[in-house]
Amino acid sequence: MSKKKLIAGNWKMNGSLAANQTLVQALVQGLREPDCDVVVCPPAVYLQQVQQLLAGQTAIGLGAQDVSQHDNGAFTGDASAAMLKDFGVRYAIVGHSERRQHQGETDVHVAIKVKRALAAGITPIVCVGETLREREEGMTEFIVKRQLSAVIHLNGHCISEIVVAYEPVWAIGTGKTATPEQAQAVHAVLRAQLKAATDQADRVRILYGGSMNATNAAELLRQPDIDGGLIGGAALKAPDFLTIVAAAA
Ligand code: PGA
């Protein structure tokens, strides 16, 4: 399988004009022609700034952390896929567990957001993952399949255009990474589910996320069904992010 790996930095609600400039400049300098796709996802208010900082280079693409499930209208605080597209956004994280938890996003919302992103030519990075309790109850497979199934149900005809990110909730920001074997096992489940939906399933990149860092990235990225990473904390430190990109190349 010769698809390029994808390393996406999810900055979450971090950064400032000054900090973003320092970080992006270090990344641009450190990445000439990476052998994998690289994306940074700043908070929405900084998309225009980061778009400008990335102008004139092709190594790093721009991503958003969310996209509205609506096209336009009375949805205070939302940004539509078309608006994101106006600022050169090529990827959008959809259904991150923090949004499912704090913003009440359901599987159905996530599926609609994926549809909006795809319609605008933005690649959705669809997040799935179980909580610690769900894992302990043996529900991991059931949960991730349910989450992905909603997205497949609504977007079946273009499901090979998405990126999936498996992010066990218990591993996010906790320093507890899934072992390569635990992650690979879930990735294989997701791959099989995609295979049942499309004959292009091998094209779909399935990222791992959850405390991936400069030390553990290489081993995770060696697993047959791990096609990249969605990086939170370590994406805010240029040397760490660059090390992860190098591990993917
Ligand atoms: P983390 O976050 O790398 O800080 O665990 C990953 C994510 O939530 O996307």
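**Notebook: core, ligand site, cysteines**

I began at Phe241, which touches Ile7, Ala8, Gly9, Leu27, Val38, Val39, Val40, Ile231, Ala234 and Ala235 when residues up to four places away in sequence are not counted; contact here means heavy atoms within 4.5 Å. The model is predicted, so I kept in mind that local features need pLDDT of at least 70 and side-chain atom pairs count only at pLDDT 80 or more, while totals for chains, interfaces and linings use all residues. Residues are numbered from 1 along each chain as its sequence is written, and side-chain values use heavy atoms, with hydrogens and water left out.

I then looked up the largest nonpolar core, which has 65 residues, a core being a set of buried Ala, Val, Leu, Ile, Met, Phe, Trp, Tyr and Cys residues joined through side-chain atoms within 4.5 Å, with buried meaning under 20% relative accessible area (1.4 Å probe, protein chains only). Phe241 is among the members that touch the most others, as are Ile7, Ile162, Val164, Leu190, Leu194 and Tyr208. A second, separate core holds twelve residues, including Ala8, Val39, Ile125 and Leu207.

At the ligand I found 13 residues around it, of which Lys12, His96, Glu167, Gly173 and Ser211 come nearest; near means a heavy atom within 4 Å. A polar side-chain atom of Lys12 lies 2.7 Å from a ligand oxygen atom, and a backbone N or O atom of Ser211 lies 2.7 Å from a ligand oxygen atom. For Gly232, a backbone N or O atom lies 2.9 Å from an oxygen atom of the ligand.

Last, I checked for disulfides (cysteine sulfur atoms within 2.5 Å) and the count was zero. Cys127 is in none, the nearest cysteine sulfur being that of Cys41, 9.4 Å away.

Methods: Polar contact = N/O pair within 3.5 Å; in protein donor to acceptor, adjacent residues only side chain to side chain. Buried < 20%, exposed > 50% of the residue type's maximum accessible area, 1.4 Å probe, protein only.
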